[in-house]
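These are my notebook entries on one chain. I went through the sheet, its turns and its surface in turn.

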Amino acid sequence: MNKFVITVFGLCAVASLSCGQQQPSTPEPIAIVKLNSDVNPDGSFTYEYETANGIKADARGALNNAGSENEALSVQGSYSFVGDDGVTYTVTYVADENGFQPQGAHLPTPPPIPEAILRSIEYNAAHPEENEVKARR
């Protein structure tokens, strides 16, 4: 029994050594070639950075309606990177009380609203009293 246990431990040790040799090496760190940042006491901020592999980002933000019930952080910014296909992809965005709103030539867009649905929406907007009568029933 002892020989069996020693053999199993020996095989596990050999297996772990061989597995360790097959793992990929850690990639080299990417240098930050530009970094600026400023945070103000009122909650506003700006930052920008760029890395040696072509990643860039910048943003500026401010606290709107500070101290009120409608207090919200508003941020505008952009980021870009070089994809595996060699193309530089850029996203500009606004993030505020209305959510994150990105824009970029490569981002998908929703299909257009069908004409019949548009007419229905316009009709409902022009006749709100009919919706109120149906809601009371």
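**Entry 1: the end of the sheet.** In which sense do strand 5 and strand 6 pair, and over how many bridges? I looked this up in a predicted model. Strand 5, residues 88-96, pairs with strand 6 in the antiparallel sense, and the pairing covers 5 bridges. I also checked one position there: Asp96 stands opposite Gly99 of strand 6.

Entry 2: I next looked up the pairings of strand 3. Strand 2 and strand 3 run antiparallel and are joined by 6 bridges. Within this pair, Tyr47 has Ala59 of strand 3 as its bridge partner. The two strands form a hairpin with 4 residues between them. Strand 3 also pairs with strand 4, in the antiparallel sense and over 9 bridges. There, the bridge partner of Gly61 is Val75 in strand 4.

**Entry 3: positive phi values.** Which residue in the turn between strand 2 and strand 3 has a positive phi? I found Gly54, at about 95 degrees. I then looked up Asn65, which is found in the loop between strand 3 (56-64) and strand 4 (72-82). Phi of Asn65 is near 55 degrees, a positive value in a residue other than glycine. I noted this one since most residues other than glycine have a negative phi. Asn65 counts as partly exposed, because its relative accessibility is 48% and the class lies between 20% and 50%.

**Entry 4: Tyr49.** I placed Tyr49 in strand 2, residues 45-51. Is Tyr49 buried or partly exposed? Its relative accessibility is 31%, so Tyr49 counts as partly exposed. Leaving aside neighbours within four places in sequence, I listed its contacts as Lys34, Leu35, Ile55, Lys56 and Ala57. I also looked up the separation of the C-alpha atoms of Tyr49 and Tyr79: they are 9.5 Å apart, for residues 30 places apart along the chain.

**Entry 5: the nonpolar patch.** Which residues make the nonpolar surface patch? I recorded Ile32, Leu35, Tyr47, Tyr49, Ile55, Tyr79, Phe81 and Phe100, with an area of about 760 Å². Strand 1, strand 2 and strand 4 are the elements that give two or more residues to this patch. Ile55, one of the patch residues, is found in the loop between strand 2 and strand 3. With a relative accessible area of 32%, Ile55 is partly exposed.

**Entry 6: Ser80.** Last, I turned to Ser80 in strand 4. Is Ser80 buried or exposed? Its relative accessible area is 11%, so Ser80 is buried, the limit being under 20%. Beyond its neighbours within four places in sequence, Ser80 is in contact with Gly54, Ile55, Lys56, Thr88, Tyr89 and Thr90. Ile55 and Lys56 are also listed among the contacts of Tyr49.

Key: Residues numbered from 1 in each chain as written. Predicted model: local features only at pLDDT ≥ 70, side-chain atom pairs only at ≥ 80, totals over all residues. Heavy atoms only, no water. Buried < 20%, exposed > 50% of the residue type's maximum accessible area, 1.4 Å probe, protein only. Contact = heavy atoms within 4.5 Å. Pairing = 2+ DSSP bridges. Patch = residues over 30% accessible without salt bridge, like charges linked within 9 Å, V, L, I, M, F, W, Y side chains within 5 Å. Areas by Shrake-Rupley, 256 points an atom, 1.4 Å probe, with all protein chains shown as cover. Salt bridge = Lys/Arg side-chain N within 4 Å of Asp/Glu carboxyl O.
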